[in-house]
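Here is a short report on one model.

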Amino acid sequence: MNLYNWPLLLMAVFLGMGLGIQAPINAWIGKRLGSPYWGASFSISISLVVIFLFVMIIVPKMPSFGTVLNAPWWVWLGGIFGAMFVAGAIVLGPRLGMALFFTCVVFGQVSISLLIDRFGWFEIPMRELNFTRIIGTLLVIGGILLI
C-alpha cells in the first residue's frame, strides 16, 4: 500500500462511513413507508436526483447513449447490484446489527475484489493474488466470528 495515497484512503474511509450511515437511515424510512422496498426506492430516487444534478454541473456535455446500448452485458450489473445492496441493507442491517452486516459486506467485497484483481474482470488491471491478501481476507472472516 502506498501511504502517499492517504488522501484517497481517507476518502475511501469516508465513503465507507457514508454506507454505514445510509443503511440505518434507509431502514428507518423503509419502516415508516411500510416496506423496505419503498425505503430502497426512496433512497435510490434521491441518489438519482443528486447524481444527475452533480453531473449536469460538472460534465455539461451529454454522453452518447449508443455507448451504453453497445456495452457488454455486464454493465447493467452495477445498477442491479446497487439496488440489491440498498434493499438488502434495509432488510438485513436491523436484523443482524449494523456491525455484523457490514463486516459480512466487507468480506463479500474483499472476496470478489480478489478475484476481480486476479483475473482482470471488467477490464480492471490484473493484480497478484498473494499470501498477504489471502490472510487479510481470512482476518475479515475472523472479524465476522468475533462480532
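## Helix α2

Helices are DSSP runs (H or I, at least four residues), numbered from the N terminus.

Gly-39, Ala-40 and Ser-43 are the buried residues of α2 (buried: under 20% relative accessible area, 1.4 Å probe, protein chains only). Their cover includes α1 (6-33) and α4 (77-96).

## Basis of the model

The model is predicted: local features need pLDDT of at least 70, side-chain atom pairs count only at pLDDT 80 or more, and totals for chains, interfaces and linings use all residues. Residues are numbered from 1 along each chain as its sequence is written, and side-chain values use heavy atoms, with hydrogens and water left out.

## The α5–α6 pair

Helix α5 (residues 98-119) and helix α6 (residues 131-146) have axes that come within 9 Å and cross at roughly 160°. Axes are lines fitted to C-alpha atoms over the stretch in contact, and angles run from 0 to 180 degrees between N-to-C directions. The two helices are therefore roughly antiparallel (angles over 145 degrees).

Residues in contact (heavy atoms within 4.5 Å) include Leu-100, Phe-107 and Leu-114 of α5, and Val-140, Ile-141 and Ile-144 of α6.

## Asn-5

Asn-5 lies in the segment before α1.

Conventions. Angles under 35 degrees count as roughly parallel, over 145 as roughly antiparallel, 65 to 115 as roughly perpendicular and the rest as oblique. Buried means under 20% relative accessible area, exposed over 50%, partly exposed in between (1.4 Å probe, protein chains only).
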